[in-house]
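Open the model in your viewer and keep the selection tool ready. We will go from stop to stop.

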Amino acid sequence: MNSEQDRCEITVIHEERVTKVREEMPSEENISVLSDFFRMFGDSTRLRILFALEKSELCVCDIAFLLGMTQSAISHQLRVLRTSELVKSRKDGKVTYYSLKDTHVKEILETGLTHIHE
């Protein structure tokens, strides 16, 4: 893309539009929280874990075997995903199973795939 296309040729400000958009923009705090949220999807290991959990509830051992990684590495990423409220856990005896926190996470993953395939 030509950088010249990204510049305005005139310096007139459309005050009504700018004011309307400014009023409808999320707060800086919400932008910051959303930025942190999307950062969770910026790591390929976390994405692989999320896609696996989209298909089935799994324990750390299952995920480690599936992804060819150590249990320690998977546990670390699951902690990050749990803290970000993308993944939830449940205990069954000595085993902890993980799954997606809610359908919104699944929708975000599906929307992302749809977008890159267009």
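Where does Ser99 lie? Select Ser99: it is in strand β3. Helices (H or I, at least four residues) and strands (E, at least two) are DSSP runs, numbered from the N terminus.

A word on the model before moving on. It is predicted, so local features need pLDDT of at least 70, side-chain atom pairs count only at pLDDT 80 or more, and totals for chains, interfaces and linings use all residues. Residues are numbered from 1 along each chain as its sequence is written, and side-chain values use heavy atoms, with hydrogens and water left out.

Stay on Ser99. Its relative accessibility is 15%, so Ser99 counts as buried (under 20% relative accessible area; exposed is over 50%, partly exposed in between, with a 1.4 Å probe and protein chains only). Now show what Ser99 touches: Leu53, Glu57, Leu86, Val87 and Lys88, not counting residues up to four places away in sequence. Contact means heavy atoms within 4.5 Å.

Next, select helix α3 (residues 44-55) and helix α5 (residues 71-83). Their axes, lines fitted to C-alpha atoms over the stretch in contact, come within 10 Å and cross at roughly 80 degrees. The two helices are therefore roughly perpendicular (65 to 115 degrees). On α3, colour Thr45, Arg46, Ile49, Leu50 and Leu53; on α5, colour Ile74, Gln77, Leu78, Val80 and Leu81. These residues make the contact.

Last stop: Ile49. Leaving aside neighbours within four places in sequence, Ile49 is in contact with Ile63, Leu67, Ile74, Gln77, Leu78 and Leu81.

How values were computed. Axes fitted to C-alpha atoms, helices over the stretch in contact; angles between N-to-C directions. Parallel < 35°, antiparallel > 145°, perpendicular 65-115°, else oblique.
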